[in-house]
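Visitor: I'd like to learn how to read a model like this one. Can you walk me through it?

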Amino acid sequence: MKNTRQFFHLLSYLQYPLMLLALYHMGKPYFDGSLGNADQINLFLESMNNMLIFMGLGISFASLQDTSKTSLKFEKRIWQNARWGKLFLVMITALPLFTIGFGFFGYFISDHEKIQTVAFGSIVLGVGLIGFLKVAVEVFEKHRDGI
């Protein structure tokens, strides 16, 4: 059991290169000059789509971390308070629902090509946020009792 935990903990470190790739794709339109040109909006949207995909993958790998530990005292106070914990869970639940909803709307329903460009990345980000929600629920359950 301990070896499995260590494996997933090590695997969770893949979140950092994935987030760096997302950061690269986020800044790419600013550095190559495609942001100022109206005819290159598709390149900007493709870059945004790649950013959303890598963010979703990074958040998915981040959800493999140990949920029995919190890194900040502020974070621990939020999760130990039942009222604040429930409020944060409601807000965190809204994130993947909205993101996946936008992705499905853009990918399957919308006829607008520019929305469809970003829709797949939005779906991947939403799936990653579901993993984040799972982690938040586990942290709330473990820390609400003061463990």
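Predicted model: local features only at pLDDT ≥ 70, side-chain atom pairs only at ≥ 80, totals over all residues.

Visitor: Let's look at helix α5, then. Is Thr-99 buried or exposed?

Guide: Relative accessible area settles that, and buried means under 20%. Thr-99 comes out at 12%, so it is buried. This residue belongs to helix α5, and its side chain reaches the backbone oxygen of Leu-95 at 2.7 Å. Further along the sequence, Thr-99 touches Ser-122, Leu-125, Gly-126 and Leu-129, leaving aside residues up to four places away.

Visitor: And how many aromatic pairs are there?

Guide: For ring pairs, check the distance between centres, then the angle between planes. The count is 5 aromatic pairs. Take Trp-84 and Phe-88: their centres are 6.3 Å apart and their planes meet at 50°, so the pair is tilted. Both lie in helix α5, 4 residues apart, about one turn. Trp-84 is partly exposed at 47%, and Phe-88 is partly exposed at 25%. Phe-104 and Phe-108 form a tilted pair too, at 5.7 Å and 35°.

Visitor: Which residues do ring pairs link into a cluster?

Guide: Follow the shared partners: Phe-104, Tyr-107, Phe-108 and Phe-120 are linked that way. Of these, Phe-104 is partly exposed at 41%, whereas Phe-108 is exposed at 59%.

Methods:
Residues numbered from 1 in each chain as written. Heavy atoms only, no water. Helix = DSSP H or I, 4+ residues; strand = E, 2+ residues; numbered from the N terminus. Buried < 20%, exposed > 50% of the residue type's maximum accessible area, 1.4 Å probe, protein only. Polar contact = N/O pair within 3.5 Å; in protein donor to acceptor, adjacent residues only side chain to side chain. Contact = heavy atoms within 4.5 Å. Phe/Tyr/Trp six-rings, centres within 6.5 Å; stacked < 30°, edge-to-face > 60°.
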